[in-house]
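Trainee: I have a structure open and want to learn how to read it. Can you take me through it feature by feature?

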Amino acid sequence: MGPRPWARGPRAPGPRPVRVFLSLGSNLGDRQAMLEEALAALEASGDIRIAARSSLYETAPIGHEAQKRFLNQVVAVDTILPPDALLDLVHSVEAGLGRTREVRWGPRTIDIDILLYGDLTIRTSRLAVPHPELTRRRFVLEPLLEIAPSATLPDGRVVRDLMSGVADQDVRKVME
């Protein structure tokens, strides 16, 4: 593979990187190590460059409350991958780290969601961007605002304005 567009030196021909926001969460095993391994695997693909990382946040589980608390993080990445290829990479990293999809909202070694892909709105049978739960999850909104304080959704809504609707959710910053 040739040099990536974000490599130093003369600009490589080809597509321009797109800024994408990903949410990562884990509640099995060494949660922090799992987040780090997922990020390392994403970057090792050569198709993603991590531009910013939020602090780590510990959160109560949603859906099935009888499980361990989650450690969550949001990252800004630059990628040349189109949305479906990025989703394939995300699923590959999750599978490589032992993610199974047996119980919706159940315990998991790693969960990686595509929150925002540039300013696109995507609705296919495989992928929905912005993530359909983004506006209802403080554990996503708070770390997103930490690394992108002026973030807006493709429909023009300001992410900061959405925080009031999730203020009562149990989210705690645990590590800068």
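Mentor: Start with contacts. Two residues are in contact when heavy atoms lie within 4.5 Å. Keep in mind that this is a predicted model. Now take Leu-42. Leaving out residues up to four places away in sequence, Leu-42 touches Leu-22, Ile-48, Leu-89, Val-90, Val-93 and Ile-112.

Trainee: Which residues have the most contacts inside the largest nonpolar core?

Mentor: Leu-22, Leu-24, Leu-42, Leu-86, Ile-110, Ile-112 and Ile-114. That core has 28 residues.

Trainee: Let me step back. How many helices and strands are in the protein chain?

Mentor: There are 4 helices and 8 strands. Along the sequence they follow the pattern β-α-β-β-β-α-β-β-β-α-α-β. Among contacts between residues at least 6 apart in sequence, 68% join residues at least 24 apart. As for burial, 47% of the 176 residues count as buried.

Trainee: How do I read the faces of a helix? Take H2.

Mentor: General idea first. An α-helix has 3.6 residues a turn, so residues three or four places apart point the same way. Now the case. H2 covers residues 83-96. Its 14 residues reach 20 Å from first C-alpha to last, close to the 20 Å expected at 1.5 Å a residue. Buried in H2 are Pro-83, Leu-86, Leu-87, Leu-89, Val-90, Val-93 and Glu-94. Seen down the axis, the buried residues of H2 fall within an arc of 160 degrees, so they line one face of the helix.

Trainee: Which exposed residues does the face of H2 turned away from its buried side carry?

Mentor: Ala-95 and Gly-96. On the buried side, H2 packs against strands E1, E2, E4, E5 and E6, and against helix H1.

Trainee: Which residues of H3 are buried?

Mentor: Arg-138, Phe-139, Val-140, Leu-141, Glu-142, Pro-143, Leu-144, Leu-145 and Ile-147. That makes 9 of the 10 residues of H3, so this helix is largely enclosed by the rest of the structure.

Trainee: Now strands. How do I read pairing?

Mentor: Find the partner strand, then the direction, then the facing residues. E1 runs antiparallel to E4, with 9 bridges joining them. Leu-24 has Gln-73 as its bridge partner in E4. E1 also pairs with E5 in the antiparallel sense, over 6 bridges. There, Leu-24 stands opposite Ile-112. E1 is mostly covered, with 7 of its 9 residues buried.

Trainee: Which way do the residues of E3 point?

Mentor: Leu-56 and Glu-58 point one way, Tyr-57 and Thr-59 the other. All are buried. E3 pairs with E8 in the antiparallel sense over 4 bridges, and Glu-58 stands opposite Arg-172 in E8. E3 also pairs with E4, again antiparallel, over 3 bridges. Tyr-57 has Asn-72 as its bridge partner in E4.

Trainee: Is Thr-59 buried or exposed?

Mentor: Buried means under 20% relative accessible area. Thr-59 is at 2% relative accessibility, so it counts as buried. Its side chain makes a polar contact of 2.7 Å with the side chain of Asn-72. Beyond four places in sequence, Thr-59 touches Arg-69, Phe-70, Asn-72, Phe-139, Asp-170 and Val-171.

Trainee: With which side chains does Asp-78 make polar contacts?

Mentor: Those of Arg-19, at 2.7 Å, and Arg-49, at 2.4 Å. Asp-78 is found in strand E4. At 8% relative accessibility, Asp-78 counts as buried.

Trainee: Last topic. What should I look for in the backbone angles?

Mentor: Look for exceptions. Most residues other than glycine have a negative phi, and most peptide bonds are trans. After H2 comes Gly-98, with a positive phi near 85 degrees.

Trainee: Which residues does the cis peptide bond join?

Mentor: Val-129 and Pro-130, with omega about -5 degrees. Pro-130 lies in the loop between strand E7 and helix H3.

How values were computed
Residues numbered from 1 in each chain as written. Predicted model: local features only at pLDDT ≥ 70, side-chain atom pairs only at ≥ 80, totals over all residues. Heavy atoms only, no water. Buried < 20%, exposed > 50% of the residue type's maximum accessible area, 1.4 Å probe, protein only. Polar contact = N/O pair within 3.5 Å; in protein donor to acceptor, adjacent residues only side chain to side chain. Helix = DSSP H or I, 4+ residues; strand = E, 2+ residues; numbered from the N terminus. Expected span 1.5 Å × (residues − 1). Arc of directions from axis to C-beta. Pairing = 2+ DSSP bridges. Core = buried A, V, L, I, M, F, W, Y, C linked by side-chain atoms within 4.5 Å.
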